[in-house]
Amino acid sequence: MLCACSGEQFKFEDAPQSPESLATRDFSASGLSSRTGDWESKLEDVQVDEVESTLKEALSLNYEEARALLGRLEYQRGNFDAALQVFQGIDIKGLTPRMTRAIIERTRQRKPRSKGDIIPPSVMSMHSVSLLLEAILLKAKSLEELGHFTEAAKECKIILDVVEAALPNGMHEGVAEDCKLQEMFHKALELLPNLWTKAGFLSEAITAYRRALVKPWNLDPLRLASVQKDLAAMLLYGGVEKSLPPHLQVWGSTTPNGNIEEAILLLLVLMQKVAYGEIKWDADIMDHLTFALSVTGQFELLAGHVELALPGIYERAERWYLLGLCYAAAGQNEVALNLLKKVSGQSEANHKCHIPALLFGAKLSSQDPRHAHYGITFARNVIDLADQVNEHFKGQAHKFLGVCYGNAARISISDSERALFQKVSLTSLNSAALNMKEDPEVMFKLSLENAVQRNLDVAFDNAMAYSNMVTENSGRGWRLLALILSADRRFKDAETILEFALDEAGRLDQLELLRLRAVLQIAQERPKQAIETYRILLSLIQAQREPQSNNSENAKSSDSENVAERNMEMAAWQDLASIYTKFGSWPDAEICLNKAKSIEFYSPKSWHTTGLLFEAQSFYKEALVSFSVSLSIEPDYVPSIVSTAAVLVQLGGQSLPIARSFLMNALRLDPANHDAWMNLGLIAKMEGSLQQAADFFQAAYELKMSAPVEAFT
């Protein structure tokens, strides 16, 4: 319904037939009052010009206003072609300056006026301006309905240009009283970015969204939040990088640097509005924020917003699960696991089990032998829900159960318990392989567990099956295959596998496989070739590092890759130190150790290798000090425990009982350590227990003949 506008009259281009102004007329939703109610059938039969003439004569309208009303009628009936034809007759370009002037004159802040302060009669009334803006808006919508999105966007933009030219600092609250001006403008603000999006001009759409937000346009909170959310979604998923224009970069160094940062700021503003109750909870906002913060690696910030969600939005188990995902992604597995333990706690006994949370708890537990028993509990809870769990989840539960039982076996202090856990581990992994025959991860875990238990033939077959399943080159698969062959004393075959894998491996995998090839060469008593392989490895690391320091883009590689690269470099220097120690080149060994310690001073292996260097020079006290430093860094570092015992055996006398204690501790941690069994045999021989010594030596020999050149895990 057209409303009055402060009693002001239109300026008519044609002489009015009636002294009444358009502002005193009342039009229904169909466009006309009861005086024109009988025209509806007539409009279908007469030409546009005749109807236009009739409207002008009966209602005292000028040419443009008559066409605006007629076009509205056609649009409401769904006759978009006819409406467009009518609207085309309005000279929008010629009227734009007049509309701008009218808005300026009639939206000035109301002040007491002198008698001479009178708006000139040539200025259009606000009602006429609103009517014409509505005509432009309906013209844009008609073009949209007809599929002409670009033309529709250009027409809609005219409304924004007119109003913004008149109100460059935004729209003050008093404008809301002036007819439909604010309503039409707000509709245009919302429509324009949608039109640009449909037309495929996403950069223009982003500009239109920003245009709606940079000035105070009196948008109500819900509309404003909707525009902010839509802009954030466009920035995140549009695939078009659109930096802020210079006139909007007013925050200096804190200006958003790219689409994602701008989207995160918008979403954080929306989350703050939710927290203050200005708008209702919107799951889409949280979904967008989750994506944005995940892409940028800000998982702890994401966890904070999950915690801020009011009770009732998430169920308790769901909230713990989401928080667990966030903290695990942030590298805080302990925090994540503590949260997930609540899911299987007594407080949730009467609630429906949250299967994804239980499976995630089992997965995290399977990554750390210390939490193996928690993982067994998680996985058992899923398997016990046989009626509620599909085969995929059941297979995943069996996989994690098998891995956790394998880890539990490796930390068990009881031989019978260890044997039981190893048996259950293989049973669970085989069950998982039956349920998920196409899952390469299951086959890899099954191969690894068989290799650890020295079932080398089965482990080899499983490793080959895994290699055939993966579509891309898998460095860890080739590594496991080479280690299995080395445990079977097939060093040449292992090297052949590595040569093949090196041609297709990625950068990090290539470094790891090169180091393994050097270790194989050492095992075959080929130190010169091993040193050359290490030289190639270190050269590749250095070559990769130089362009990173010169190129800021390459320097932004992930932290995990940088850490893996540094660890690989440190391991290479440690291995070189061992080679030089073995062949009596003490200065070279010391140089290599200093290189390794410069990368990571508190590395147990570096101090262990330092102890071996002292031991080779018969500096036993210094060797014991180095081994002690290694064990102070990692108390369960088995090589240093065994080497400490070996030095004590060299010292003899009252040190033998202490050495035996160290060796028993080492075998508790690693029952397959052949060096520990060998030193136990030496102690037994020194004590005169020859039969026991023979048994220990036999065990050491058998274990050494099936030992890989490096630990499987």
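Visitor: Are α30 and α31 roughly parallel or roughly antiparallel to each other?

Guide: In this predicted model, α30 and α31 are roughly antiparallel to each other, a term for angles over 145 degrees, where under 35 counts as roughly parallel, 65 to 115 as roughly perpendicular and the rest as oblique. Helix α30 (residues 638-651) and helix α31 (residues 656-669) pack at an angle of about 160 degrees with their axes 8 Å apart, the axes being lines fitted to C-alpha atoms over the stretch in contact, and angles running from 0 to 180 degrees between N-to-C directions. Helices are DSSP runs of H or I with at least four residues, numbered from the N terminus.

Visitor: And which residues of α30 and α31 meet?

Guide: From α30 they include V638, I641 and L648, and from α31 they include L656, F662 and L669, where contact means heavy atoms within 4.5 Å. By class, this contact has 13 nonpolar, two polar and no charged residues; Ala, Val, Leu, Ile, Met, Phe, Trp, Tyr, Cys and Pro count as nonpolar, Asp, Glu, Lys and Arg as charged, and the others, Gly among them, as polar.

Visitor: Before we go on, how are residues numbered, and what do the values rest on?

Guide: Numbering starts from 1 along each chain as its sequence is written. Because the model is predicted, local features need pLDDT of at least 70 and side-chain atom pairs count only at pLDDT 80 or more, while totals for chains, interfaces and linings use all residues, and side-chain values use heavy atoms, with hydrogens and water left out.

Visitor: What is L680 in contact with?

Guide: Leaving aside neighbours within four places in sequence, L680 is in contact with R660, L663, M664, L667 and F696.

Visitor: Which residue has a positive phi of about 65 degrees?

Guide: That is R454, although it is not a glycine; R454 is found in the loop between α20 (440-452) and α21 (456-469), and at 25% relative accessibility R454 counts as partly exposed.

Visitor: And what about E525?

Guide: E525 has a positive phi of about 60 degrees, and is not a glycine either. E525 lies in the loop between α24 (507-523) and α25 (527-550), and at 51% relative accessibility E525 counts as exposed.

Note on methods. Helices (H or I, at least four residues) and strands (E, at least two) are DSSP runs, numbered from the N terminus. Buried means under 20% relative accessible area, exposed over 50%, partly exposed in between (1.4 Å probe, protein chains only).
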